[in-house]
Amino acid sequence: EPELILEAHVQQGHTLINALALVEGQINSTEDFANRKSDAIRNQLLYVNTITSILMLSVGVGAFVGSLFGMNVTNYYEDTDNAFRIIVFT
């Protein structure tokens with residue numbers, strides 16, 4: 001009879017070990033899912049950041065070109081034909 005009690009406790013121990021392994025697998029699956037979800041959100045944010053940076057660069061280049069054509073020259077360059085090229089490229 002002590003062997004039957006010991007056998008029952010060993011069987012119960014194996015059952016608990018299997019249940020814990022199952023829970024561990026579920027935790028790992030949930031962690032993988034959460035990591036993939038956060039990676040997807042991070043990639044979307046990087047995409048939006050990249051698009052915003054490209055747009056800001058385009059606006060900056062446009063403003064720079066506009067400022068080159070709109071500058072007021074108040075020195076001896078204003079009478080020369082190459083004033084724009086001299087100021088921009090030096």
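User: Let's start with the surface. Which residues form a nonpolar patch here?

Analyst: The idea is to look for nonpolar side chains that sit close together, within 5 Å, and that each keep over 30% relative accessible area. In this predicted model, Tyr47, Val48, Ile51, Ile54, Leu55, Met56 and Val59 make up such a patch.

User: Take Tyr47, then. Is tyrosine 47 buried or exposed?

Analyst: Exposed means over 50% relative accessible area. Tyrosine 47 comes out at 56%, so it counts as exposed. It's part of helix H1.

User: And how many salt bridges does a search of the whole structure find?

Analyst: For a salt bridge, you want a side-chain nitrogen of Lys or Arg within 4 Å of a carboxyl oxygen of Asp or Glu. Searching the whole structure turns up one. It joins arginine 42 to aspartate 39, with 3.2 Å from N to O.

User: Where do those two partners, arginine 42 and aspartate 39, lie?

Analyst: Both are in helix H1, which covers residues 2-69. They're three residues apart, about one turn of the helix. As for cover, arginine 42 is partly exposed at 45% relative accessibility, and aspartate 39 is partly exposed too, at 32%.

Conventions. Residues are numbered from 1 along each chain as its sequence is written. This is a predicted model: local features need pLDDT of at least 70, side-chain atom pairs count only at pLDDT 80 or more; totals for chains, interfaces and linings use all residues. Side-chain values use heavy atoms; hydrogens and water are left out. Helices (H or I, at least four residues) and strands (E, at least two) are DSSP runs, numbered from the N terminus. Buried means under 20% relative accessible area, exposed over 50%, partly exposed in between (1.4 Å probe, protein chains only). Patches are made of residues with over 30% relative accessible area and no salt bridge: like charges are joined within 9 Å, nonpolar side chains (Val, Leu, Ile, Met, Phe, Trp, Tyr) within 5 Å. Accessible areas come from the Shrake-Rupley method with a 1.4 Å probe; for residues, only the protein chains shown count as cover.
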